Amino acid sequence: MRLNKNIRQTLRIAKIELSSMFYSPVAWLILVIFALLIGYDYANVFDGQLHSQSLGNNLWNVSSAIYNSWMTGILKPILRNLYLYIPLITMGLMSREYQSGSVKLLYSSPIKNSSIILGKYLAMMCYGAALMSIIGLNVLFSWLTVENFQISMLLVGMLGIYLLILAYSAIGLFMSTLTAYQVVAAIGTLAVLAVLNFIGDVGQGIDFVRDITFWLSIYGRSTSFIDGLLPSADVMYFLIVIGLFLALSIFKLNTEKKIMSMRTKVLKYSMIVVSALLLGYLTSLPQMKLYYDGTYTKTNTLAPESQKVIQNLKGPLTITTYVNILAPDYFSGLPFNRNYDLARFERYMRFKPEIKMKYVYYYHNANNAELDARYPDLNDEERARALCDISHLNFKMFKSPEEIDKMIDLSGEGYQFVRIVEQENGRKEVLRLFNDNERHPREGEITATLKRFVAKAPMVAFSTGYGSRSINNYGGRGYYLFARDLWFRHSLLNQGFDTREINLDEEKLTDDISVLVISDLKEALSEKALANVKDFVDRGGNMVILGEYERSENMNSLGTLFGVHFSDGVLAHPNKLGSPVVLCASYTDEAVEKHSAFNRMQAWGYGVSVPTAVALDYSQVKDFEVYPVLVTGDSAWIEHETKDMVDGEFVCNPAAGEEEGNYAVLINLSRKIGGKEQRIIISGDSDFITNEEFGLTRPGMEVNNFEVITGSFRWLSYDAYPIYTDRIGAIDNGINLSGGWRVWIKLFFMILFPAFLVGTGVTIIYRRQRK
């Protein structure tokens, strides 16, 4: 009965507060300004999408493009500006009662202080809902007009914004209980919000302080919601902040009614704050976190293959980051960036909370040319001290070269920024940074490293001798990047494979070799080497055979094992911007159907550059299923006459047996043998995966030679490596409106709807004044 009475009192106060609020021009002015800003952004972004569709362009992921894209999304700007609106509403919640003296009537009434605070806060919840209804209006319009609109993602995003409004409201209400002056309450609220937005940068170099201030920071707490991810830790953060400031507000009113000593007040205030911090700490533990991914494509969640690897990992896992202050990228691992660095692995901790992150700091010469130029006259220790002074770091936290060498041998990694992943049994694997703009490993590279703990890495053996390309060759024609470069993201080593070289005359091809690569034979294989290869093929071994112009006679000794013939002449194609013997090969429809990586490349308009390639004739293949992967296009021909690749004139001469046509330059063969499927890849070019080719830009060609490696070796490893991290494609790729709607959409959201709010507000306030 008493509970019902308290609820009725709370609802009554909320009703009175709402009436007062909506009879105020300030509340309506904020609603109108909010509607104008949201309407302007939404109408422009939606207009851009509709205009692009009207021009015949294909739209993609329209829901994200409108709402959470980092370039055009309208929700993230709302988060940045929201703190400007709420203090103008909350500043009078209690200050007005103090100023008018009506608070004395409330104190003398049988109404509980908790009912006063909760009633006023309930009114703010309703006002917050009014603000959200403005966003909800354009979300509803998008839901009705965008095909397969991602409504669940937007509902999660709206929840994040609403929780932020509620948190700001609770803070504003508390500040309003502290003063009778509304302006002071508003400024105080802005000050507290500023502190909560920037406190995350305070004390980040101190372990204990870092965790507290980072949790207190409200900045970015709603960003994950905007992206469609609902994390329990952030939900609890908002609920705890709301509860904390409501409790402080109630306690502040209690101190007005009861006489308390300063000691008692401080103790009770401290208990409230400490309880909130403790609850926040507990809900932030990895073991306590829950997640819901509201996106259709599940972009916020590990891909299924990564989840499977994590599920198969047994026991705890420790990832130790070794940060060398004299190496590039050291900044990422410094203490004040620790929480941002940990966030890179949060998706993994979601499925394996017992992952532990450790950091070791040291200094050691790392062949850093930038430091050599900056500090040419300083030794390593002096350079480390100088960098510590710049970043305000304690030099004592960095181990000396002698100390780090006793702890672990990092010489093989060049003392670069590196992470060592270790199991309880002491087994270790290495996770590196890469020499590209992104630097840090993506999900594919991280999962490939973790998978080494649960499955044996496939061994790719490259034959040596006979002029074959070497994986230890750093030069332009070598395969070092493709095969084993530690800091090249797309190298086989970083995608989960092991690589080595093998002498076919001296070593037997054993069953532990998953793939044998033979390339660019300048000399014919010896009988012993050829017999070794034939035995490997007869046992069902997988192979990659890479031919090259002027090597056809030597390559055909291998090709005859499969019924494939390498042409004698070089493939040529009309090319006004480059050499006629550098072709842009395209993926066949059959290859695209079988390989998702190739499907993506074809959809994006990418081919593969193949310099001085020869054509493959697979008409005599009998025992294998065969299909072409890369073809030249109908305008290519096999050049027999011209031998000068630099200055020679390339013209298709039918009299010389040269005929324009669509020639295969890379084919896949497969057959069932020994209880498994044997897979063979044969290419008419050895240059398309060389160190040089990866670094070249071909004028007039849209090419991506990395993905042909990804797709081919995934097929050779039976879809085990590289790790497949692609998500299902977006389905919200169109708008069910014609271009004629563009004017009406702008008119409604920019003018008519804000005008409606103005009219409604003026009418309500005018009627109130007449009464």
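This is a predicted model: local features need pLDDT of at least 70, side-chain atom pairs count only at pLDDT 80 or more; totals for chains, interfaces and linings use all residues.
A search of the whole structure identified two cavities of 30 Å³ or more. The largest cavity has a volume of about 100 Å³, and its lining is formed by Phe482, Val544, Leu546, Leu666, Ile681, Phe688, Ile689, Val708, Ile709, Ser712 and Phe713. Two elements, strand 10 (542-546) and helix 28 (706-716), each give two or more residues to this lining, and helix 28 provides the largest share, with four residues. When the lining of the largest cavity is divided by class, ten residues are nonpolar and one is polar, while no charged residues are present.

The second largest cavity, with a volume of about 40 Å³, is lined by Ala35, Ile38, Gly39, Ile134, Leu137, Asn138, Phe749 and Phe753. Helix 2 (25-54), helix 8 (113-145) and helix 29 (742-770) are the elements that give two or more residues to the lining of this second cavity. Its lining comprises six nonpolar and two polar residues, and charged residues are again absent.

Elsewhere, a packed helix pair was examined. Helix 15 (residues 304-312) packs with helix 21 (residues 443-451) at an angle of about 30°, the two axes lying 10 Å apart; because this angle falls under 35 degrees, helix 15 is described as roughly parallel to helix 21. The crossing of the two helices is left-handed. In their contact, Ser306, Val309 and Ile310 of helix 15 meet Glu443, Thr447, Leu450 and Lys451 of helix 21, and the residues involved divide into three nonpolar, two polar and two charged.

Note on methods:
Residues are numbered from 1 along each chain as its sequence is written. Side-chain values use heavy atoms; hydrogens and water are left out. Axes are lines fitted to C-alpha atoms, for helices over the stretch in contact, and angles run from 0 to 180 degrees between N-to-C directions. Angles under 35 degrees count as roughly parallel, over 145 as roughly antiparallel, 65 to 115 as roughly perpendicular and the rest as oblique. A crossing is left-handed if the near helix is turned anticlockwise from the far one by less than a right angle, and right-handed if clockwise. Contact means heavy atoms within 4.5 Å. Ala, Val, Leu, Ile, Met, Phe, Trp, Tyr, Cys and Pro count as nonpolar, Asp, Glu, Lys and Arg as charged, and the others, Gly among them, as polar. On a 1 Å grid over the protein atoms alone, a cavity is a set of points where a 1.4 Å probe fits but cannot get out, and a pocket is an open set with protein on both sides within 12 Å along at least five of seven lines; lining residues have an atom within 4 Å of a point. Grid points are joined across faces, edges and corners, and a volume is the space filled by probe spheres set on the points.
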